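Colleague: I would like to learn how to read a model of this kind, one feature at a time. Could you give me the general idea first and then show me the case here?

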2 protein chains.
Amino acid sequence: MRETLLTIANRLGISMTTVSRVLSGNAEKYRISNKTRDMVMNEAQRCHYTPSAVARSLRTQRSNMIGLILPSVSNKYFADIAAVVISECRQKGYSAIVMDVSENEGFQKESIRSLAAREVDGLIIAPCGDDPSQLEMVDEMHFPVVLVDRYFENSRLSYVTTNNYQGGMTAVRHLISNGHSRIACIQGVETSLPNRKRVEGYVSAMKEAGLDEHIRVTGNDFSVQNGYVETRLLLNSSPRPTAIFALSNTIALGTFKAIKESGLKIPDDISLISFDDNVYLDYMEPPVTRIIQPVEDMAKLSVRILLGKIEDRRLRCESADSPGKDNSKSVLHLAPKLVRRDSVCVPFCD
Amino acid sequence: MRETLLTIANRLGISMTTVSRVLSGNAEKYRISNKTRDMVMNEAQRCHYTPSAVARSLRTQRSNMIGLILPSVSNKYFADIAAVVISECRQKGYSAIVMDVSENEGFQKESIRSLAAREVDGLIIAPCGDDPSQLEMVDEMHFPVVLVDRYFENSRLSYVTTNNYQGGMTAVRHLISNGHSRIACIQGVETSLPNRKRVEGYVSAMKEAGLDEHIRVTGNDFSVQNGYVETRLLLNSSPRPTAIFALSNTIALGTFKAIKESGLKIPDDISLISFDDNVYLDYMEPPVTRIIQPVEDMAKLSVRILLGKIEDRRLRCESADSPGKDNSKSVLHLAPKLVRRDSVCVPFCD
DNA sequence: CAATAATTTGTTTACGAATTAACGTTTTTA
DNA sequence: TAAAAACGTTAATTCGTAAACAAATTATTG
């Protein structure tokens with residue numbers, strides 16, 4: 001026994017339209033009398049009327065929901081993005097349907113379809129895999145999409161990401177300015193764009209300092225395991241590096257463990273710098289120096305851009321004359337930040 | 001220009017109903033001929049038809065979405081719950097709308113309303129605040145709800161939670177079996193039920209061992225700050241405790257820091273045991289012994305219970321004779337687990 | 001071969017809210 | 001004083017799908 005516009009209208013002996021107008025806040029616009037308005041308002045309150053967003057969506061072709069597709073919510077980084085996106089959306093009157101696709105391209109495809117079916121007004125996605133075609137199709141259909149964190153080069157898709165190149169540069173320059181030259185870099189998934197950019201930043205900074213011959217990039221996964229294994233190899237090589245740049249905090253954990261096990265001391269024997277933030281990093285022994293991504297800004301901006309696109313589209317649809325293409329491509333590379341802690345110092349000797 | 005059942009039907013020169021029947025997988029049931037079925041399937045494929053979940057929901061009065069309301073997604077614990085709930089739901093053909101209410105009761109109320117308006121099929125919620133009335137109202141309306149992690153005593157609401165009492169017991173028994181007697185407990189928000197149960201567990205274990213006079217509970221917040229301050233006080237007291245039981249991992253971080261600063265060694269000078277899991281705890285110096293909550297089971301079970309309730313309700317609605325009340329109250333207290341690491345050992349002297 | 005049964009397809013209405021066009025009444029304007 | 005504008009409201013239609021009901025076609029039986 002759901003309350004609807006009709007049940008209320010019947011009870012009050014007026015038409016559904018009037019009830020609709022009052023309750024959708026258009027009383028002014030349609031000059032409903034105060035008497036009628038109050039009567040409707042009171043009755044709605046009394047019977048706990050909640051308009052059906054489903055029916056409303058069907059009629060208005062807008063859902064006030066956006067889809068948020070993430071590779072893995074249990075990853076702190078993405079969880080933080082989710083938290084910010086969700087709260088930003090709420091502020092603007094939107095809800096977020098969050099999909100966790102477990103780094104699985106198949107699930108991702110399914111999620112996009114499912115969200116499209118739910119007629120969400122737009123999509124924020126940190127895509128997994130390296131095939132933009134799925135998303136480009138969505139974009140072609142004039143459906144608002146913004147990528148976050150991960151993106152594609154040579155694609156028309158808008159995105160917001162960390163300036164990973166700059167992050168890599170900053171990290172390595174920091175090491176170099178501390179007197180390091182044998183700086184090794186342990187990377188994650190080679191094909192991932194953020195990873196590649198971080199590596200490029202590393203390489204540039206090394207070259208800039210004339211350290212070409214010390215460039216050394218190893219590893220192939222964003223995992224503790226990878227960090228551990230690669231670090232052991234690095235420590236056994238000779239001359240061993242005086243500093244390690246880990247391209248993610250998971251890698252850094254593996255590195256941390258390997259160094260501890262080897263009996264070497266951070267930072268006296270070897271320096272460590274990591275990517276990504278986490279409270280725990282401040283409570284390690286020693287606290288870990290790191291490059292942090294502007295998660296909050298990223299999430300906020302991606303929401304803002306998406307809502308902008310949604311608004312644009314709405315306007316374009318209303319003015320029937322314009323053909324209706326969205327040509328704007330927003331691209332943002334936000335600056336990461338260096339957080340100095342105690343895992344980097346001047347090397348003992350060279 | 002959206003593709004609908006009608007556009008497809010017109011193009012093929014058949015009725016909408018037939019198209020609907022084929023595409024909703026009821027071809028068998030209504031004995032649609034293979035020829036027609038294939039024709040429809042192919043056409044749907046060709047024009048990328050995606051059924052409107054909105055229209056479908058309006059018609060069927062079910063959305064295949066559930067609402068998940070959490071106090072804070074950026075809290076790793078809840079993020080993990082979200083991840084599991086989302087993936088379990090996907091497996092059962094449901095999507096999850098995640099709401100983050102920032103520990104704000106007002107937002108929570110708003111979220112419940114908004115989800116109700118969206119006609120989600122059910123609700124999983126880790127409620128904030130200590131007022132069950134809102135949720136009890138929802139429950140009264142025969143709307144499927146399951147609480148997770150947090151719950152209310154003296155309420156008819158179903159819930160799934162960790163057996164926090166047992167967790168407290170286990171932690172303290174572990175310390176006692178290692179020879180400790182001066183065991184202090186630093187708690188979080190006093191009024192929160194999980195906190196109270198953990199404290200009760202602590203007290204029981206102490207009494208059980210005849211250590212009544214050593215019972216010592218301090219603190220009032222689930223924060224690093226609180227852990228830090230209370231630990232400093234404890235360390236300055238005399239005789240100081242030989243072990244500290246921190247009721248959350250944030251508290252444990254504060255404790256950790258304070259102990260380090262004091263120059264004392266964990267576990268030789270003082271033992272530490274914590275609540276909640278986190279990878280980082282394995283990489284601290286020393287790795288922290290802790291009680292972990294069965295997050296995955298909790299999330300899975302809450303989904304299962306919720307979907308059960310949803311199913312029940314559906315059946316009850318279909319058979320018009322039965323009045324339609326859901327009397328079942330599911331209550332689950334899942335056993336936490338002790339993860340032994342290196343922050344607990346036999347005290348040096350007593 | 002007619003009657004009936006089985007199979008296949010179609011017509012229509014309902015879900016709940018929004019919206020267009022229009023109604024009769026009152027007030028203003030020319 | 002008649003026409004026009006403003007007012008307060010409503011009936012009817014729409015959104016896309018599902019399903020009850022209805023009908024047409026084909027197959028089977030007496």
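**How the two copies meet**

Modeller: The copies meet through the same surface, because 100% of the interface residues of chain A are also interface residues in chain B; here two residues are in contact if their C-beta atoms, placed from the backbone, lie within 7 Å. This is a predicted model, in which local features need pLDDT of at least 70 and side-chain atom pairs count only at pLDDT 80 or more, while totals for chains, interfaces and linings use all residues. Residues are numbered from 1 along each chain as its sequence is written, and chains are lettered from A and ligands numbered from 1 in the order in which they are written.

Colleague: How many residues does the contact take from chain A and from chain B?

Modeller: The contact takes 41 residues from chain A and 41 residues from chain B. On the side of chain A that touches chain B, helix 5 (76–91) is one of the elements that supply at least two residues, and helix 5 of chain A gives the most, with seven residues. Helices (H or I, at least four residues) and strands (E, at least two) are DSSP runs, numbered from the N terminus. By class, this side of chain A divides into 22 nonpolar, eleven polar and eight charged residues, where Ala, Val, Leu, Ile, Met, Phe, Trp, Tyr, Cys and Pro count as nonpolar, Asp, Glu, Lys and Arg as charged, and the others, Gly among them, as polar.

Colleague: By what turn and shift can chain A be laid on chain B?

Modeller: In general, two copies of a chain are related by a rotation about an axis and a shift along it. Here chain A can be laid on chain B with an RMSD of 0.2 Å by a turn of 180° and a shift of 0.1 Å along the axis, and the two copies are therefore related as by a two-fold rotation axis. In chain A, the C-alpha nearest the axis belongs to A:Ile97, 2.2 Å from it. The copies are superposed by least squares on the C-alpha atoms of residues with pLDDT of at least 70 in both.

Colleague: Which residues have the most contacts inside the largest nonpolar core?

Modeller: The general idea is that in soluble globular proteins, nonpolar side chains tend to be buried together. A nonpolar core is a set of buried Ala, Val, Leu, Ile, Met, Phe, Trp, Tyr and Cys residues joined through C-beta atoms within 7 Å; a residue is buried if 20 or more other C-beta atoms lie within 10 Å of its own, exposed if 12 or fewer, and partly exposed in between, with C-beta atoms placed from the backbone. The largest nonpolar core has 92 residues, and those with the most contacts inside it are A:Ala82 and B:Ala82. Leaving aside residues up to four places away in sequence, B:Ala82 touches A:Val73, B:Leu68, B:Leu70, B:Val73 and B:Val98.

Colleague: In what order do the six strands of the open sheet in chain B lie?

Modeller: Strands of a sheet pair through backbone hydrogen bonds, either parallel or antiparallel. In chain B, six strands form an open sheet in the order 7-6-8-9-10-12, with mixed pairing, and two strands count as paired if DSSP finds at least two bridges between them. Strand 7 (217–218) and strand 12 (337–339) of chain B are the edge strands, each pairing on one side only. Strand 10 (residues 289–292) of chain B runs antiparallel to strand 12 of chain B, and three bridges join them; B:Arg290 stands opposite B:Val339 in strand 12 of chain B.

Colleague: Which residues come nearest to DNA strand C?

Modeller: A residue is near a molecule or strand if its C-beta atom, placed from the backbone, lies within 6 Å of it. Of the 26 residues around DNA strand C, those that come nearest are A:Thr4, A:Ser52, A:Ala55, B:Ser15 and B:Arg31. Helix 4 of chain A provides the largest share of this surface, five residues. For DNA strand D, 27 residues surround it, and the closest are A:Ser15, A:Arg31, B:Thr4, B:Ser52 and B:Ala55, while helix 4 of chain B gives the most to that surface, with five residues.

Colleague: Is B:Asp276 buried or exposed?

Modeller: B:Asp276 is buried, because 24 other C-beta atoms lie within 10 Å. B:Asp276 also has a positive phi of about 85° although it is not a glycine.
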